[in-house]
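Hi,

Here is the model I promised to pass on.

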Amino acid sequence: MMCMEGAEKVLNHTGALVIYARPPVLGKVKTRLQPALTHAEGLALYEAMLADVIERAAGGRTDRATTFLAWSEACEPPASLKEVLGLVSVERQVGGDLGERMAHTLQEKLRGGFGRVILVGADSPNLPLDYLRQAFEALREVDLVYGPADDGGYYLVGARRLHPRIFQTMPWGTDRVLAITRQRIKDGRISHRELPRWYDVDTPADLVRLWKDLQHMKAKGAAEVPRRTLRMLASLVPGRL
């Protein structure tokens, strides 16, 4: 099965959860973790994180939400993801820059019969599932929901009505995204809800933070520990970072 296969349109579902991800290709993912990690280690970590994101999102969905995985490019999924790809409908992102692609995904899902659509990335394997539930609940009352990330962007965005200007001519990948988004929401008088702050895992410092957080989750006996990521970090972080 190729990653470019389109997902069958599903009607009469109240929510869609779409995971945005890059194909796992050596030297193309988690590049900001070099040289602390080798390219091969970065790839293995990315695959573990993505598998955990898919498994946790699909297992923790609410309101009969349908879960999708949207690749940024066509790819052949690696063996490490075969187990979890059966939990989601796989499709391709469509459009130019990230903003155009997100706007297209939101528009297509809303037109396809989903009343509430949420997009998340693959860089937060320990994102509290309660934040996803809060996002779906918020979209019962507001047009837009987003989760601010510590790096100045956002880890989640969702809508029940598309406001395209939110995503246009944005300096993606910079620490200005969140501030600009907030200003555009204010200027457009868009009804919205802001979720609690969280973090993406992009740098070695983020990796250390994630390692500590996962150890804490495990010590508390949390049922939703991202097990693949924890296992991978146990072989990478101690004594190195």
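Before the rest, some housekeeping. This is a predicted model, where local features need pLDDT of at least 70 and side-chain atom pairs count only at pLDDT 80 or more, while totals for chains, interfaces and linings use all residues. Residues are numbered from 1 along each chain as its sequence is written, and side-chain values use heavy atoms, with hydrogens and water left out.

**Salt bridges**

Back to Arg 228: its side chain meets that of Glu 83 in a salt bridge, 3.6 Å from N to O (the cut-off is a side-chain nitrogen of Lys or Arg within 4 Å of a carboxyl oxygen of Asp or Glu). Arg 228 lies in helix 7 and Glu 83 in helix 2 (residues 79–85), so the pair ties together parts that are 145 residues apart in sequence. Helices here are DSSP runs of H or I with at least four residues, strands are runs of E with at least two, and both are numbered from the N terminus.

The structure holds 17 salt bridges. One of them joins Arg 32 and Asp 202, at 3.9 Å from N to O. That pair links distant parts of the chain, 170 residues apart: Arg 32 is in the loop between strand 1 and helix 1, and Asp 202 is in the loop between strand 7 and helix 6. Arg 32 is exposed at 54%, whereas Asp 202 is buried at 13%. Glu 137 and Arg 140 form another bridge, with their closest N and O atoms 3.4 Å apart. Glu 137 is partly exposed at 40%, and Arg 140 is partly exposed at 47%.

**Rings**

A search of the whole structure finds five aromatic pairs. Rings of Phe, Tyr and Trp (its six-membered ring) pair if their centres lie within 6.5 Å; planes under 30 degrees apart count as stacked, over 60 as edge-to-face and the rest as tilted. Among the pairs is Tyr 131 with Trp 198, edge-to-face at 5.9 Å centre to centre and 90 degrees between the planes. Tyr 131 sits in helix 4 (residues 129–138) and Trp 198 in the loop between strand 7 (192–194) and helix 6 (204–219), 67 residues apart. Both are buried. Ring pairs also bring Tyr 155 and Tyr 199 into a cluster with Tyr 131 and Trp 198.

Tyr 199 has Arg 209 over its face, 3.8 Å from the ring centre (NZ of Lys or CZ of Arg has to be within 6 Å of the ring centre and within 35 degrees of the ring normal). Lys 109 lies over the face of Phe 68 at 4.3 Å from the ring centre.

**Helix 6**

The buried residues of helix 6 are Asp 206, Leu 207, Leu 210, Trp 211, Leu 214 and Met 217. Down the helix axis they fall within an arc of 140 degrees, so they line one face of the helix (the arc is that of the directions from the axis to the C-beta atoms). They pack against helix 1 (39–59) and helix 7 (227–236), with contact meaning heavy atoms within 4.5 Å. On the other side, Ala 205, Lys 212 and Ala 219 are exposed. Just after helix 6, Gly 221 takes a positive phi of about 75 degrees.

Most residues other than glycine have a negative phi, and most peptide bonds are trans. Lys 30 has a positive phi of about 55 degrees although it is not a glycine, and it is buried at 9%. The peptide bond from Gln 34 to Pro 35 is cis, with omega near 5 degrees. Arg 189 has a positive phi too, near 50 degrees, but is exposed at 80%.

Cheers

Notes:
Buried < 20%, exposed > 50% of the residue type's maximum accessible area, 1.4 Å probe, protein only.
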